[in-house]
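Morning, everyone. A quick look at one model today, with salt bridges as the topic. Please have the structure open.

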Amino acid sequence: MANARARDVKNSTLAADTRKIRLLLLAFATILLWLAFDLIFTDGFVLTPRNLTTLSVQMTVTCILAIGMTWLLIAREIDLSAGAVMALVIVVIYQLQVVHDVGTLITLIVALAVGVLLGLINGSIRVVLMVPSFVVTLAGFSWIRGTAFIVSEGQTHAGAKDSFYLISNSYLPPAFSIALIVLIGGYFSWKALRNTLAGQRKLPISRVLDWLQLLVVVGVTIGAAVVFYVYRGLPFPVLILLVVILATNWVSTSTTFGRHIYALGGNPLAARRVGISISLMTIGLFALMGAFTALAGVIQASLLDAGPPGIGQLLALNAISAAIIGGTSLFGGYGSIWGTVVGSLMMASIANCLSLAGVDTFFQMVATGLILIITIAVDSLVMNRGKGA
């Protein structure tokens, strides 16, 4: 019995170390990408505070969507309609703001309600009719996009109210930005240091990984503080993203709901036997995905200051890619919020660096696709090895 318990602890530690290695490699690969393009292809423009601030804003929409997608993938579900949902939300926003002169607060409430409603529709069809989520949301990709064109009559409205425009085009004061970044970074640095010094792990590789993780957290904190202090302060969309990251990470790691998500994806039959309502969980996850999509739509609409009904054609695929590149299993049962954040940063960095280097958009799509194929292949090999295949 004791030997079995010790073996389980060792296997758990090895699995945690493997996931940590993957995230650290992804983080260092992103840094190397920045350095290569900064020194060789863009004459030192990539690592300027202005471009890094722009990059942080560019990743916001995809990252928020990818966080919602992460929960769905962990639970063995998927949502291909996210781009269409965001398009309809944006169209509704500009119909209210421009055509009907509705205030910003009411507009935000309606936008979130539209996203949640569409998520509930997807989830309910999935559960009640027992149609695979791939099929349900693929259909949603069509009918929701068509609804966006019907509501807007195929027109792109622009010129929202100033209060709405400021949502994505305002900054926190630099001093307040530094204080907030140091507070958040200091907390996670303290947690990483405490874990490093705890001495609970005996494998040398585990200690090395703990120190590397601490180094990355401290480095990111210092770098972010410098960047946002030098260039205008913390963008408001990034502040929203930080709130979403911290909230969803806490839910994933410290709440019953978060444990149920992993249980649902790890072994649905066992989850049902212990009393987890798979139907309610599934509908709830799709509703949350709708809420995240609506929030991303609000940010995107404010950034664009326009409401084109054709927006977001590949957005769902980008969100899925970011989650998978960040370590979320396509086969369900595993994923992390921080991994998705790093995956989103990698994808945004590829697009940003290639654009600055003057590379055509088509080549950016090729690069992202190749990375995604490699990531899925590695994930599949790990799963097969774990099953003894």
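I'll start with the ground rules and then take the salt bridges one by one.

This is a predicted model, so to speak plainly: local features need pLDDT of at least 70, side-chain atom pairs count only at pLDDT 80 or more, and totals for chains, interfaces and linings use all residues. Residues are numbered from 1 along each chain as its sequence is written, and side-chain values use heavy atoms, with hydrogens and water left out.

How many salt bridges does the structure hold? Three. The criterion is a side-chain nitrogen of Lys or Arg within 4 Å of a carboxyl oxygen of Asp or Glu.

Lysine 20 pairs with aspartate 210, N to O 2.9 Å. Lysine 20 sits in helix α1 (residues 2–41) and aspartate 210 in helix α8 (residues 204–230), so the pair ties together parts 190 residues apart in sequence. Helices here are DSSP runs of H or I, at least four residues, and strands are runs of E, at least two, numbered from the N terminus. Both lysine 20 and aspartate 210 are buried. Buried means under 20% relative accessible area, exposed over 50%, partly exposed in between, with a 1.4 Å probe and protein chains only.

Next, arginine 126 and glutamate 77: closest N and O atoms 3.0 Å apart. Arginine 126 is partly exposed at 22%. Glutamate 77 is buried at 8%.

Last, aspartate 101 and lysine 161, at 2.4 Å, N to O. Aspartate 101 is exposed, at 54%. Lysine 161 is partly exposed, at 26%.
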